[in-house]
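Subject: Structure for you to look at

Hello,

Here is the structure I promised to pass on. Please open it and keep it beside this email as you read.

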Amino acid sequence: YIDLLGAPEASAAPHVAVARVEELYSFPDTELRAVIGRYPHLQEVVWLQEEPRNMGAWNYIAPRLRALLPADMPLLYAGRAESATPAEGSLVEHAIEQARIIAQALQGQLQPAAGSLA
């Protein structure tokens, strides 16, 4: 969240709104429904996480978030690929991957999440 808002690309992406989910359980469906409802021209939702796809919140959040969205709205994932380890192995590689994830989330170039419509 902090990296996303502080990224130089953020100012060049006024079409991107950012919402932060701080508590996963109990799932904040009422609050997320309200956030989604504030954007009548919403075209897609991107879940951004720092952890690899098979770690972190994605597997828990994806079906719950999908249930809040219109059936034809894409739900996209921005983050690290699946991995057996949560870290890149070096600070330099971590910084490069972090920059890629942030740029991907702000500029697009995302693939639909499994089970999502594109």
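Predicted model: local features only at pLDDT ≥ 70, side-chain atom pairs only at ≥ 80, totals over all residues.

Look at Val18 in particular. Val18 lies in the loop between α1 (2-6) and α2 (29-37). Its relative accessibility is 33%, so Val18 counts as partly exposed. The cut-offs explain the label: buried means under 20%, exposed means over 50%, and partly exposed is in between.

Next, the rings. The count of aromatic pairs comes to one. A pair like this is described by two things: the distance of the ring centres and the angle of the planes. Find Tyr77: the charged end of Arg53 sits over its ring. The distance to the ring centre is 4.6 Å.

Now go to helix α4, residues 91-107. Glu97 is in this helix. Is Glu97 buried or exposed? It is buried, because its relative accessible area is 16%, and under 20% means buried. The side chain of Glu97 also has a partner. A polar contact of 2.6 Å joins it to the side chain of Arg100.

Stay in helix α4 and find Ala105. Ala105 has a relative accessible area of 14%, so this residue is buried. How far apart are Ala105 and Ala78 in sequence and in space? They are 27 residues apart in sequence. In space, C-alpha to C-alpha, they are 5.8 Å apart.

Best wishes

Technical notes:
Residues numbered from 1 in each chain as written. Heavy atoms only, no water. Helix = DSSP H or I, 4+ residues; strand = E, 2+ residues; numbered from the N terminus. Buried < 20%, exposed > 50% of the residue type's maximum accessible area, 1.4 Å probe, protein only. Phe/Tyr/Trp six-rings, centres within 6.5 Å; stacked < 30°, edge-to-face > 60°. Lys NZ or Arg CZ within 6 Å of the ring centre and 35° of its normal. Polar contact = N/O pair within 3.5 Å; in protein donor to acceptor, adjacent residues only side chain to side chain.
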